[in-house]
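Welcome, and thanks for taking a look at this one with me. Below is a short tour of the model, going from the overall fold to its details.

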Amino acid sequence: MLQSLSVNGFREALIECTKRYHLRLSAQWRSYVDSLTTHKSSTRYLFFTPAEQLNELKQQFYECSSKLYDQPVPSAAYLISRVIILMESEANYWNKKMQLIDGRHLSGDHSFKLTKCILSNKTKPFTAMYTLMNEYGQVAGWWFTTGTGMNELEESFKKLKQ
C-alpha cells in the first residue's frame with residue numbers, strides 16, 4: 001500500500017498511468033483495424049475496407065512517445081493548486097470525520113518533513129506538524145506548530161478533550 005507520494009512522484013505516476021492507458025487503447029485500435037481486414041463471404045459482413053484506407057487507419061494512432069500524440073502532462077504547480085482547492089473544499093468533512101475518531105491510547109509526534117515544503121513569502125511559517133494518532137494508527141488530530149514545545153499544543157489538547 002502506498003503511504004506517501006511527493007507531487008513530482010505523483011506526476012511521474014500520472015505519466016505512467018497515461019502510457020498504460022495509451023498502450024491499452026492502441027491494442028484495441030489495432031484489433032479493430034485487423035478486424036476490418038477480415039473478409040468472409042458471409043452476408044453479415046457488409047463492409048470491406050480497401051488496403052489504402054487500412055494503412056491510413058493504422059497511421060492514425062500514434063505512439064505515446066511521438067510528438068504527434070501531444071498528450072499534455074500537468075505541471076507540479078498545477079497539481080499543487082488543484083490539491084489545495086480540493087483540500088479546502090473538503091476541510092469541514094475531514095474535521096468532522098476526525099472528531100469521530102477516538103481511542104484508549106493516543107500517541108503524538110512532531111514531523112518536520114512536510115513543513116520543509118511549505119513556504120509563505122519565501123519564509124517557513126511552521127517548523128513542525130504535530131500528529132496525534134490512536135492505537136490503530138488513525139489520525140485523531142494534527143496541527144502545524146512553530147516549535148517543538150508542548151506548551152504550544154496545550155490549547156489544542158483542551159479542544160480535543162471537549
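Let us begin with a strand pairing. Ser 111 has Met 129, in strand S2, as its bridge partner. Please keep in mind that this is a predicted model.

**The fold as a whole**

The protein has 5 helices and 3 strands. Along the sequence, these elements follow the pattern α-α-α-α-β-β-β-α. Of the 162 residues, 15% count as buried.

**The strands**

Strand S1 covers residues 107-111 and runs antiparallel to S2, with 5 bridges joining the two. On its other pairing, S2 is joined by 6 bridges to strand S3 (residues 139-145), and this pair is antiparallel as well.

What do S2 and S3 form, and how many residues lie between them? They form a hairpin with 5 residues between the strands. The turn holds Gly 137, whose phi is positive, at about 85°.

**Pairs across the chain**

Some residues that are separated along the chain can be followed by their C-alpha distances. Thr 131 and Phe 144 are 13 residues apart along the chain, with 8.8 Å between their C-alpha atoms. Leu 153 and Tyr 130 are 23 residues apart in sequence, and their C-alpha atoms are 8.5 Å apart in space. For Val 139 and Leu 106, the separation along the chain is 33 residues and the C-alpha distance is 9.5 Å.

Leu 153 is found in the loop between S3 and H5, and at 1% relative accessibility it counts as buried. Val 139 lies in strand S3; its relative accessibility is 30%, so it counts as partly exposed.

| Residue | Relative accessible area | Class |
|---|---|---|
| Leu 153 | 1% | buried |
| Val 139 | 30% | partly exposed |
| Glu 154 | 41% | partly exposed |
| Lys 158 | 46% | partly exposed |

How many salt bridges does a search of the whole structure find? The search finds 1. In general, side chains of opposite charge can pair when their charged atoms come close. Here the side chains of Lys 158 and Glu 154 meet, with 3.6 Å from N to O. Both residues lie in helix H5, and the 4 residues separating them amount to about one turn of the helix. Lys 158 is partly exposed, with a relative accessible area of 46%, and Glu 154 is also partly exposed, at 41%.

Helix H4 (91-99), S3 and helix H5 (154-161) are the elements that give two or more residues to its lining. In total, 15 residues line this pocket, and those nearest its centre are Met 98, Gln 99, Ala 140, Gly 141 and Leu 160. Which element gives the largest share of the lining? That is S3, with 4 residues.

**A nonpolar patch on the surface**

Finally, we turn to the surface. Val 7, Ile 80 and Ile 84 form a nonpolar patch there, with about 210 Å² of accessible area together. Of these residues, Ile 84 belongs to helix H3, which covers residues 76-89. At 42% relative accessibility, Ile 84 counts as partly exposed.

Note on methods:
Residues numbered from 1 in each chain as written. Predicted model: local features only at pLDDT ≥ 70, side-chain atom pairs only at ≥ 80, totals over all residues. Heavy atoms only, no water. Pairing = 2+ DSSP bridges. Patch = residues over 30% accessible without salt bridge, like charges linked within 9 Å, V, L, I, M, F, W, Y side chains within 5 Å. Areas by Shrake-Rupley, 256 points an atom, 1.4 Å probe, with all protein chains shown as cover. Salt bridge = Lys/Arg side-chain N within 4 Å of Asp/Glu carboxyl O. Buried < 20%, exposed > 50% of the residue type's maximum accessible area, 1.4 Å probe, protein only. 1 Å grid on protein atoms, 1.4 Å probe; cavity = no way out; pocket = protein on both sides within 12 Å on 5 of 7 lines; lining within 4 Å.
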